[in-house]
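Please look at the sequence and the model first.

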Amino acid sequence: MTNMQSALLIFGILGGMAAFFIIAGIYSLRYSRRRDEEQTSQTTGVVVDERKQQRRGRNTAPITYWYPVIRYTAEGREYESDYPVGFRLGEKLEVGSSVDVLYDPSDPEKYHIAGDEADYRAGKHCLVGGLLGLVGAAAFALIAYLG
């Protein structure tokens with residue numbers, strides 16, 4: 001295998017992985033922007049319950065996340081659902097606390113808690129990581145080509 005073939009193979013594999021993260025980041029950022037454009041009506045909700053879930057890595061202690069159950073009234077109807085984003089202990093929403101809820105007036109079941117930017121942060125991190133990965137892939141390919 002020539003140096004050029006090795007470089008192209010390295011760039012193809014690493015660049016493909018980086019492209020995956022770039023695409024995931026763009027998708028997440030677009031989802032976040034679309035959500036913010038659609039969910040424009042605001043109401044006050046109450047945390048009525050919480051679900052506890054523990055996640056464990058291979059060699060790590062379990063991390064506990066709390067998923068709040070939010071009840072809110074929108075367009076004259078009451079809604080209650082589990083919030084899909086879990087919180088750790090330090091940022092946990094307490095049962096009985098009030099939260100600002102942004103919802104889609106055409107589909108009030110679609111909502112998010114005001115200030116929750118988990119999708120935006122995830123998209124930004126994926127995009128930056130993918131771009132850095134692409135730069136790294138190019139550097140490794142250049143090293144393989146020159147080496």
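Because its relative accessible area is 44%, Met4 counts as partly exposed. The model is a predicted one, in which local features need pLDDT of at least 70 and side-chain atom pairs count only at pLDDT 80 or more, while totals for chains, interfaces and linings use all residues. Residues are numbered from 1 along each chain as its sequence is written, and side-chain values use heavy atoms, with hydrogens and water left out.

**The two helices**

Helices (H or I, at least four residues) and strands (E, at least two) are DSSP runs numbered from the N terminus.

The buried residues of H1 are Ala7, Gly15, Ala18, Ile22, Gly25, Ser28, Ser32 and Arg35, and their cover, judged by contact (heavy atoms within 4.5 Å), includes strand E5 (107-113) and H2. In H2, Gly123, Gly130, Ala137, Ala141 and Ala144 are buried, and H1 is among what covers them.

**The nonpolar patch**

A patch is made of residues with over 30% relative accessible area and no salt bridge, with nonpolar side chains (Val, Leu, Ile, Met, Phe, Trp, Tyr) joined within 5 Å and like charges within 9 Å; a salt bridge is a side-chain nitrogen of Lys or Arg within 4 Å of a carboxyl oxygen of Asp or Glu. On the surface, Met4, Leu8, Leu142, Tyr145 and Leu146 make up such a nonpolar patch, and together they have about 540 Å² of accessible area. Helix H1 (3-38) and helix H2 (118-146) are the elements that give two or more residues to this patch; H2 supplies the largest share, three residues, and Met4 is found in H1.

**Aromatic pairs**

Rings of Phe, Tyr and Trp (its six-membered ring) pair if their centres lie within 6.5 Å, and planes under 30 degrees apart count as stacked, over 60 as edge-to-face and the rest as tilted. The structure holds five aromatic pairs. Phe20 and Phe21 form an edge-to-face pair, 5.4 Å centre to centre with 80° between the planes. Phe20 is exposed, because its relative accessible area is 55%, whereas Phe21, at 40%, is partly exposed. One aromatic cluster is formed by Tyr72, Tyr79, Tyr83, Tyr103 and Tyr111.

Note on methods. Accessible areas come from the Shrake-Rupley method with a 1.4 Å probe; for residues, only the protein chains shown count as cover. Buried means under 20% relative accessible area, exposed over 50%, partly exposed in between (1.4 Å probe, protein chains only).
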